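Biologist: Hi! Could you walk me through this one?
Modeller: Happy to, let's open it up.

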Amino acid sequence: MEDNPIILAIMVFFGIFLMFFFISLLSDLIIVVLTLGSAAAAYFIPEWYPIFYDAVKDTDLVSLLGLVTPEALDTATKRVMAILLVATATLIAIPVLPFSGTYRQILGANRIGRKDEAYITSIISKQVKKANKTTAPKLSSS
């Protein structure tokens, strides 16, 4: 049984299919975790903003983004930090997007047209009819 090439071929087929399924699932999971992490970071901006400000206070980023000191944290600075979070999360998510099933569904990559669907259905029905003719048991009249 284990030397049967059909069984081996089926195992390889489903193994490859499962690997792509898990890659797709993992990429969707990464996007969800990244989104939830970014939302949590946005919620806690007042807590981590002083650390961020200390890290960038000697750079041109402070004047470029219009950042204020942690003591004077205002709504505009919180919104700038939220936009920075969105941009950073988006850049981090770009490498996993081609593997995401949700992203492909949004783009319509998984859809086929009616003409293509009818063509595929006709091929399948022809093969099923052909298989039924060759494997149908012959009834003997006794």
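This is a predicted model: local features need pLDDT of at least 70, side-chain atom pairs count only at pLDDT 80 or more; totals for chains, interfaces and linings use all residues.

**A salt bridge and a helix**

Modeller: Asp54 counts as partly exposed because its relative accessibility is 48%, where buried means under 20% relative accessible area, exposed over 50% and partly exposed in between (1.4 Å probe, protein chains only).

Biologist: Which side chain does Asp54 meet in a salt bridge?
Modeller: That of Lys57, at 3.9 Å, N to O. A salt bridge here is a side-chain nitrogen of Lys or Arg within 4 Å of a carboxyl oxygen of Asp or Glu. Lys57 has 43% relative accessibility, so it is partly exposed.

Biologist: How many salt bridges does the whole structure have?
Modeller: The search finds one.

Biologist: New topic: which residues of helix 4 are buried?
Modeller: Thr77, Met81, Leu85, Ala89 and Ala93. They fall within an arc of 140° seen down the axis, so they line one face of helix 4; the arc is that of the directions from the helix axis to the C-beta atoms. Helices are DSSP runs (H or I, at least four residues), numbered from the N terminus.

Biologist: And what is exposed on the other side of helix 4?
Modeller: Arg79, Ile83, Val86 and Leu91.

Notes: Residues are numbered from 1 along each chain as its sequence is written. Side-chain values use heavy atoms; hydrogens and water are left out. Helices (H or I, at least four residues) and strands (E, at least two) are DSSP runs, numbered from the N terminus.
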